[in-house]
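Dear colleague,

Please find below the structure that I am handing over to you, together with its sequence.

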Amino acid sequence: MSYPSPSHPTTRVLAMLELLQANHRIGGAELARRLGVDERTVRRYAARLGDLGVPVVAERGRHGGYRLMPGYKLPPLMLTDDEAAAVVLGLLAGRRVGLPGQATESALAKVQRVLPAALRERIQALRETLGFTLPAREPAPGTAAPAAGGAPGIGTVLTLAAATRERRRVRLRYRSRQGEASERDLDPHGLVFHSGRWYVTGHDHRSGETRTFRVDRVVSAEPGTARYEIPAGIDPVRQVTRSLANVPYAHEVEVLLETTLAQARRRIPAATATLTEQDGGVLMETRAEHLDGMALMLAGLGFPFAIRRPGELRDHVRALARTLHEQAGR
């Protein structure tokens, strides 16, 4: 970003604002040193910022200093070229992995509009040439019922986060995978971002159990007045991964993998299966909707294995082997 000469008073006033934005509180002597002026001039700059509508609080005393008034809505932040580029790259990546709501798009547009022309061209070149291996998540409409696979609204995420921190029970209107609507009271334990999706986990008063809900399926979340305590030892990440590993599927699968537990964990996500060390290898317990897909997964792991159940899985592994043999001979 280009400013007037460093010796220009306006430049130093802007530099002081940038320092105040970057620090919760900064001493007068330190401000004077960084700006290359005396402390009397720092006081004059603080008054000038006040005249411009930016309230600067001066704290007197031995450990006094300057800070911006808490809660004041600042004018646009001043960013260096590197900081602006970092913000744009973070927004691009966040949009790809499921950063909630339309706020990502509007923030990205605002930042790009105020970039210097040269930097804007460089960022645009990166946008046009950057590739992602992770499929894009479609944003969910802000007012409509959430769609499967969409990103949740930023308001829903922030409401659940605040309720968790304040230990405030939340009334959820929720739409299940099958499209069934329900209302329930939830004592949230935490938010978890996993594999491109947002989840909230906590005690569900409707079922009386600890449950995990996809946030993009939350139609509305309204904090109430009831309070609660989170039980000791609760780990929301572990709750979510275990919950996802226990989602009901058509087939219960047990396979003994001839490898170490450490090697198995590197290849198999915790949300996919339960891994238990046993004599002779690692027992993998999981669920599958389609056994042909499970056969492909086993072949892709690269470990010798022995199928314990279901017996039909052996037929799918043999069929895969025949297909690969035929393909190899073409």
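At what angle do helix α1 and helix α3 pack, and how far apart are their axes? Please bear in mind that the model is a predicted one. Helix α1, residues 9-22, packs against helix α3, residues 39-51, at an angle of about 80°, and the axes lie 10 Å apart. Angles of 65 to 115 degrees count as roughly perpendicular, and α1 and α3 are therefore roughly perpendicular to each other.

On the α1 side, the contact is made by Pro 9, Arg 12, Val 13, Met 16, Leu 17 and Leu 20. Helix α3 contributes Val 42, Tyr 45, Ala 46, Arg 48 and Leu 49. Sorted by class, this contact of α1 with α3 comprises nine nonpolar and two charged residues, with no polar ones.

The second topic is the sheet. Five strands form an open sheet with antiparallel pairing, in the order β6-β5-β4-β3-β7. The edges are held by β6 (209-214) and β7 (218-227); each has a single partner strand, so one side of each is left without a neighbour in the sheet. From one strand to the next, the twist averages 45°.

Within this sheet, strand β3 (residues 168-175) and strand β4 (residues 181-194) pair in the antiparallel sense over six bridges. Arg 171 has Asp 185 in β4 as its bridge partner.

Helix α7, residues 154-166, packs on the sheet and touches β3, β4, β5 (197-204) and β7. The direction of α7 makes about 85° with that of β4.

With kind regards

Key
Residues numbered from 1 in each chain as written. Predicted model: local features only at pLDDT ≥ 70, side-chain atom pairs only at ≥ 80, totals over all residues. Heavy atoms only, no water. Axes fitted to C-alpha atoms, helices over the stretch in contact; angles between N-to-C directions. Helix = DSSP H or I, 4+ residues; strand = E, 2+ residues; numbered from the N terminus. Parallel < 35°, antiparallel > 145°, perpendicular 65-115°, else oblique. Contact = heavy atoms within 4.5 Å. Nonpolar A, V, L, I, M, F, W, Y, C, P; charged D, E, K, R; others polar. Pairing = 2+ DSSP bridges.
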